[in-house]
Amino acid sequence: MSGIAPTATRPAPRGGGGSAQTLTSGPRRGDLVFSGVVRAAAIFLLLLMAAIAGFLVFRATGALNANHANVATYTGQWAPDDTPAKFGIGSLAWGTLVTSVIAIVIAAPVAIGVALFISQYAPRRLAQVLGYIIDLLAAVPSIIYGLWGILFLVPHMQGASQVVGDVLGWIPLFDTNGPLGRSVFTAGVILSIMILPIIAAISREIFLQTPREQVEAAYALGATRWEMIRLAVLPYGRRGVGSAIVLGFGRALGETVAVAMVLSTTYNFVTKWLQSGGNTIAANIALQFGSAFKIGQGALIASGLVLFVVTFLVNLLARRITGRADIPKDERWSLLSVFRPGRRAAAHMESSYDANAADVPDREGTLEARDEPQEVAADDTAGRARPHRAAHGAVGDSMLVSPSLPRRIRSSLAGGMTVGTFVLALLPLISILWLVVNNGRHAMSPSFLTHSLRNIDDSQFGGGVYHAIIGTLEQSGLATLIAVPIGILVAVYLVEYGRGVLATAVTFFVDVMMGLPSIVAGLFILSMWILGLGQHANGFAGALALTILMLPVVIRSSEEMLKLVPDSLREASYALGVPKWKTITKIVIPTALPGIVTGVMLGVARVMGETAPILLVVGYIQNINVNPFSSDQGQATLPTVIYNTYASPEHASNDRTWAAAFLLIVIIMVLNIIARLIAWWKKPGRA
Amino acid sequence: MAGLTACGSDNNSSSSSSGGSSSTSSAAGGSSTGSSSSGSSSAITCANGTLSAQGSTAQQQAINTFIKNYQTKCGNSTNISYNGTGSGPGVTAFTQKQADFAGSDYPLAASQQPQADQRCGSGKALSVGTVPGVIAVMYNIPNVSKLNLSASTLGKIFNSKITKWNDAAIQTDNPGVTLPDLTIQTFHRSDGSGTSYNFSNYLNKTAPTDFPTAANKQWPGSGGQGQQGSKGVAQAVQSTAGAIGYAEVSYATSNHLNTANIGNAAGKFVPLTVPNAANFLNQAKVDTSGGNYVFNFDYTYAADDAYPAVLVTYEIVCSSGNESAKLPELKGFLNYLSSSDAQSQLPNLGYVSLSSSQQSAVAAIYSGLS
């Protein structure tokens, strides 16, 4: 508390337009420095993105010029290295959209159900544990999803697809007259499982932040739990959940290995979603990178550029739909409430915490009007204006006494459905974990943790992954050290300072970064850092590539969490004369810390399972190398061990694949728990 | 840091060997001449230091074993790594000086040669065929354990012209065998691969009418389903009744899949054995121009005991201009690859050895590296 001048600022919520102004003096030095730092972080991010985009364009141009086929419509073989070079990206983009849309249609409702169950229905103590269990899905590396896909899901999807086809076969999309199973439908299902934890975790954190006043106000009105959720929790979290879905969608767009493994690739515009065949941009990169020479690599990068653009457009569309761009919170509420009385009730609860008696009839009407489950979906996701439905019945009396039986039944049904979604989300997790544990137990032993793979050939049992554990921890540790401070600073910039072109640009590019295929991040570091600047291929280069992949997850999730910090906290702090930068570092960030930690751990989980960029910029070795800055040796990581052992025909080698996967999941989970314990320990108001 | 090292160990000398698992030579009907006992070799000239190589996954299993043998003999100061990133990234990394040598399913193409040469300074980038392999046609037909398939029939199957196992063409190849009325599901590689290139080359060169598309690393046949990697193809064939696919023989063996006798140019059905593959390989014309050692297979060779679906994987290495600190180890290791000691272990690992004259020719190339 250095300053004495009272910061009688307007309760400038996020984006109060630069540093806080005081009535008596100019901006304080602390505030100037802090706003400079966060702005620098934002500018750094923009420069990084500009560099990546420039790199993509540069590398793609050569291949696009060499292409003798129409890149948008060509549906023949992927043959960029042939003479004449031929490849098409249009059909890949189409397949990418189809699989991602299928994924989001499945994942979004389930994830929201899971988040509601954990945040609203499950007993508080149990809720934390249940949350971690769903987070485990994020700890499963891509390649394991792929293996589970071909070993378990594809055979089952053949039957399931037939059932769907029997019912909907008259729609050409669901024609089943051909081999089934290795289809975009299956790929969509796998993707939906992979993105579910991201959406569920962020939604959960957001739902947990619902101001207690709103919840209590709803209950005070006699709302059932489900009505309370619809009145308070869902409206409050709507925008954040929308962002979480966009985040998940971006993740689905960029997923490589798992899709590559389950899809039977074809290069046509896939129109029969249940039949084997289809391809996505990211999967095609994973499949073709291994045989791509110069133009081939350029062609893959060109497809990455298209993915970039697709991600960009999807985000633009999502923003239009959720209307989240730059509307200050209060205005947004009032805008919405023009069309939707239901929102006004909730908005009132938020802004004026007293239950104003005069408002009661309106709220009652709202409750009744919104008491129809089928409306919820349309209402809450589409977010468009709906007519005032309050007309048909305000039953004030009954509400004040106790909820009527149908309303209680509805509430129980809704609760039951959220339990159902949780169980549904658990099924693949159990199936995957069973597969990993069952196959991983053969190679798992104490010496597996303490030995390297040096001098172990494919057919030999024994050896271990000590060297890979070291590499994994060091590289993702370094990446976390770089990405988390930058990420949080950028998020702070966006939430507390960001206005205008810079903020809009940063927000957009962060979204686009989500869909960046990981190989592209690897190629970028290889070209710029290793070949361009003459640095060594080592663990640190890997950490830099991982940083690029981790940043968007950290920024976006931190951003959402910072936005949820009630303005009243900021206002209270300003009122006490605390400078803005201290308010942010001492009040805002600590309050949002548990949510930020969740986001960071999602980011860590994502990069710990990364294979492709590590293979490119770190390499793969079988002996121990503890030095990530080594000048003559790379490092092994658990994913690269998995990658290099799973393709072997030898069972001894394959056993190590599963054991390494098991270990990777355990490590991510343990780190998760440690991080949460720290967050809990640091949380203000812990008693 | 030292403390960290002390926790873990690179010493795996006590690890048990599985005895080559169920390995490959048995199913290949092969006579493996050498014993695969590791590190017994006098062929190894040791050198210390770190070598990093990457590329083709097709030769990865063999290279891993040779690395183990070499390091076991030479001790803890010798570290060689092979990163199975694929032929494309391997060659690219070699060109960018990120790999000391590359493994590739193909010799360097004319368009790649100048850039690769540039990396070698005064020298040239050589393509040296070192680790040959054999491609199995795997099938999954209940109660059929012996199957003949001519190149022409295979061409029709892999172009979706034949869709049932009891088709007349297949029946003609297999007199007396009861074939089921089962739909054929063909599986091919969905990633680009030397295996696809060489198998499509065999079909196209042997049965141009029924498989008219030229060889390509992207599977050029029409129809069928793609799977990632030989592993994926073998797994799909194993789990699908009526399936047929192609992969290196070790994948057929480890998945306990039956392999077909395939037709050669003379219409003979040749069983998949290592000697049969070696016989075909011996007939290949070798192009040694420019210091390379590049195999051109003679698909017209029609002996009863020459199995025509083979491939050769190459090492891409600089003839001169190699980093002097790494040269002894590079020469030492590559020389070991071409030694009869290493080559004789190949059949046990699911590969084919070079003939002794080919071995000495390749060894001469590696000895001359500078």
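Contact here means heavy atoms within 4.5 Å. The model is predicted: local features need pLDDT of at least 70, side-chain atom pairs count only at pLDDT 80 or more, and totals for chains, interfaces and linings use all residues. Residues are numbered from 1 along each chain as its sequence is written, chains are lettered from A in the order in which they are written, and side-chain values use heavy atoms, without hydrogens and water.

**Exercise 1.** Characterise the fold of chain A by its secondary structure, contacts and burial.

*Solution.* Step 1: chain A has 26 helices and 0 strands, where helices (H or I, at least four residues) and strands (E, at least two) are DSSP runs numbered from the N terminus. Step 2: among contacts in chain A between residues at least 6 apart in sequence, 78% join residues at least 24 apart. Step 3: of the 687 residues in chain A, 63% are buried; buried means under 20% relative accessible area, exposed over 50%, and partly exposed in between (1.4 Å probe, protein chains only).

**Exercise 2.** Determine whether F249(A) is buried or exposed, and list residues that it touches.

*Solution.* Step 1: F249(A) lies in helix α7 (residues 225–254) of chain A. Step 2: its relative accessibility is 9%, so F249(A) counts as buried. Step 3: leaving aside residues up to four places away in sequence, F249(A) touches S100(A), V101(A), I104(A) and V314(A). Step 4: S192(A) is 57 residues from F249(A) in sequence, and their C-alpha atoms are 9.2 Å apart.

**Exercise 3.** Describe the packing of α22(A) and α23(A).

*Solution.* Step 1: helix α22 (residues 567–575) of chain A packs with helix α23 (residues 580–608) of chain A at an angle of about 145°, their axes being 10 Å apart. Axes are lines fitted to C-alpha atoms, for helices over the stretch in contact, and angles run from 0 to 180 degrees between N-to-C directions. Step 2: α22(A) contributes L569(A), R570(A), S573(A) and Y574(A) to the contact, and α23(A) contributes K580(A), T583(A), I587(A), V588(A) and T591(A).
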